[in-house]
Amino acid sequence: MKKTCDVLVVGAGTAGTYYAWLLAQRGVSVTVLERDDRSKVGKRLDVFHIDSVKFDEFGVPAPVRGAKEFICVLKDNVSLSPDGSYPKVVSYPFHVMRLTPFLQRLYGLAEKAGVSFRFNTPVASPILKGGRLEGVVAGKGGNKTEYRARVVVDATGTAAALRTSLPQGFGVETFSLAPDDRFYVVLRYLRWKDPKGAGALGPWRGAFYPAENRGVGWTYFKTWIAPSSDPRGAILGIGATGSYEHAEEVLKVFLSKIPLPPYRVDRIERGSTPYRRPPYSVVGDGFICLGDSACITKPFSGEGVTAAWRLCGISAEETVRALAQEGAVLKERLWNINVRYFRGQGAKFAALLATLPGAANSTEREVQYLFKEDVIFSVKDLADMNEHFEVKLSIGRLLKVVFVLLKGLVTGNYSAANLRGLAKALGASGKIKAHYEAFPEKAGDFEGWVHRAETLWERAGAKMK
């Protein structure tokens, strides 16, 4: 069997569905293929969050209180030093929700706009003609169908099932995520044995009472506690690079230093997000990759929903323009997706990713010192990171940072080696950001830009390969 449409999206997660919805609202014929059952998409990690301000920005109706997807709104988020002191309260609200019910609502919006979904339909192979992607073969067993479209989109998540199956020389990198290219998240759903006594933990007591709309995180351990749908419990989350086993080891250290009230663990969930730079180009002849398939996540938190929606919005606008012209949609018609994304949000994310190796080497004592001195981990720094994806330093604040680091060097609270590493990382991140902001306007200038980018990433010691 053969089916045709204007745009074929592989993957019905938050990125693929949102992009398809945007196109359908503009009158484009869109089909979405998803390997899982409709009711099971998003089941690996039940809980996720979205910046509350992003619903209006991206035109998605916010969930109403009492809906199946809604858990709470975290109005305040507290960041604490390694020993749990020097709280930094950032008043930047997040909606905490359940992913699968959220996706069901998003499916309804997309279908109302005209999107056609095909669930339980895994992709078997791409269809290529003359080096151009024209569609895929998908289905189970002997019930396979050829789906052809003018534009084919990979939104299959970290598997990047379509992108990684493309031939070498297609123009889009076909790497798969290695263990060190992932940020591993483990969520424990806790039930407090004494809910009333769970608040007797000093400055982070609001973490144990969902009604207080507060989440708490220990930045050094990449550990956090947030409300769950059960008012008698909470979610204890831990994130780490390398492996789930590493995340569990870090959690053991955390629990030895921050004693929690007595609890039992109702269930444990695991999932991972990309932790590397995106492909240098997210478009090819008849092809776009979005979301986790394109490694579009916030480097400082691993959250990828709204980060991916930025690329989705740009891609939808440029796809409509490309389809308005007759003939095959070659990469030149889609190239402005690269330009608009990488010169904006992409440049900021690249700078952050280049900074992380220098910052990640800070010891527990050093992070404790920075929290105490209110630099790098100040309320303003943390708020800027969430709202603007970069820390905005005035001359006065920059001088304070320099003074605190030098004082730490003299007092033994900050090592010379880590100071040099941080300085190197900051210098590299500035150069990488400037390079991405100068992303080539034409595909013909791309090869030289890539060569320079690889040199900069290698010098930064960040996620280049």
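Q: At what angle do helix α1 and helix α5 pack, and how far apart are their axes?

A: Two packed helices are described by the angle between their axes and the distance between the axes. In this predicted model, local features need pLDDT of at least 70, side-chain atom pairs count only at pLDDT 80 or more, and totals for chains, interfaces and linings use all residues. Residues are numbered from 1 along each chain as its sequence is written, and side-chain values use heavy atoms, without hydrogens and water. Here α1 (residues 14–25) and α5 (residues 305–323) pack at about 35°, with axes 9 Å apart. Helices (H or I, at least four residues) and strands (E, at least two) are DSSP runs, numbered from the N terminus. Axes are lines fitted to C-alpha atoms, for helices over the stretch in contact, and angles run from 0 to 180 degrees between N-to-C directions.

Q: Which residues meet in α1 and α5?

A: Contact means heavy atoms within 4.5 Å. Among them, Y18 and L22 in α1 and W309 and A316 in α5 take part.

Q: In what order do the seven strands of the open sheet stand?

A: Strands pair if DSSP finds at least two bridges between them. The order is β6-β5-β13-β14-β15-β12-β16, with mixed pairing. β6 (88–90) and β16 (263–274) each have a single partner strand, so one side of each is left without a neighbour in the sheet.

Q: How many bridges join β5 to β13?

A: Five bridges join β5 (residues 76–80) to β13 (residues 214–218), and the two strands run parallel. L80 stands opposite W218 in β13.
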